[in-house]
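Dear colleague,

Please find below the structure I am handing over to you. My notes on what was found in it follow directly after.

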Amino acid sequence: IAINTYVLKPKAQEANNENAKAVVYFTQGNYELALNGDEADCMGFEAIANDYKCSKAGKLAALYAGVCYYQLGDYSAAAEFLAKFSAKDLNIEPAALQLLGDAYVQLEDYQKAAKAFEAAAKSGNKLIAPISLKKAGLVYLELGNKAAAKKAFEAIKANYPASAEAQ
């Protein structure tokens, strides 16, 4: 109880406060400052993700850091941080997995991209799953795996017939 009250809760609140500062830069589209912080009072998502990695706020900072790196064109770092993120949310986790797949595509690591897209599709999210299946299918075509591509495209048609991807 003492560790939770005097260590974990204050650290979690600290991490939430730091995230809030970095989110301001993120929403302004200033990904460099959101990622690395400023010299005044914002430590940035990368430091938050590393310093508070065991907390929910630290994991959320890893997601933000991954998005920032992706926006800045550093796909390797984006993949590294996006891979650290996990959540039990039907919307956020599949979106993060889809972006992870996109980062792997940019790195031309098509095997990992397909795996990430398939994981995003398994969420069942009606917006993200069909897009992820389409991306997985395209990646499988790039890999020359026509059977897996066909399976992904047929899954769109069968499970998400009203989606734009099914059309």
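The buried residues of H6 pack against H4, helix H5 (75-84), H7 and H8; buried means under 20% relative accessible area, exposed over 50% and partly exposed in between, with a 1.4 Å probe and protein chains only. Among these buried residues are Pro94, Leu99, Leu100 and Tyr104. Helices (H or I, at least four residues) are DSSP runs, numbered from the N terminus.

Please note that this is a predicted model, in which local features need pLDDT of at least 70, side-chain atom pairs count only at pLDDT 80 or more, and totals for chains, interfaces and linings use all residues. Residues are numbered from 1 along each chain as its sequence is written, and side-chain values use heavy atoms, with hydrogens and water left out.

After H6 comes glutamate 108, whose phi is positive, near 60 degrees.

Alanine 65 belongs to helix H4 (residues 56-71). Alanine 65 counts as buried because its relative accessibility is 0%. Beyond its neighbours within four places in sequence, alanine 65 is in contact with Leu35, Phe45, Glu46 and Phe81, contact meaning heavy atoms within 4.5 Å. Glycine 37 lies 28 residues from alanine 65 in sequence, and their C-alpha atoms are 11 Å apart.

Yours sincerely

Key. Helix = DSSP H or I, 4+ residues; strand = E, 2+ residues; numbered from the N terminus.
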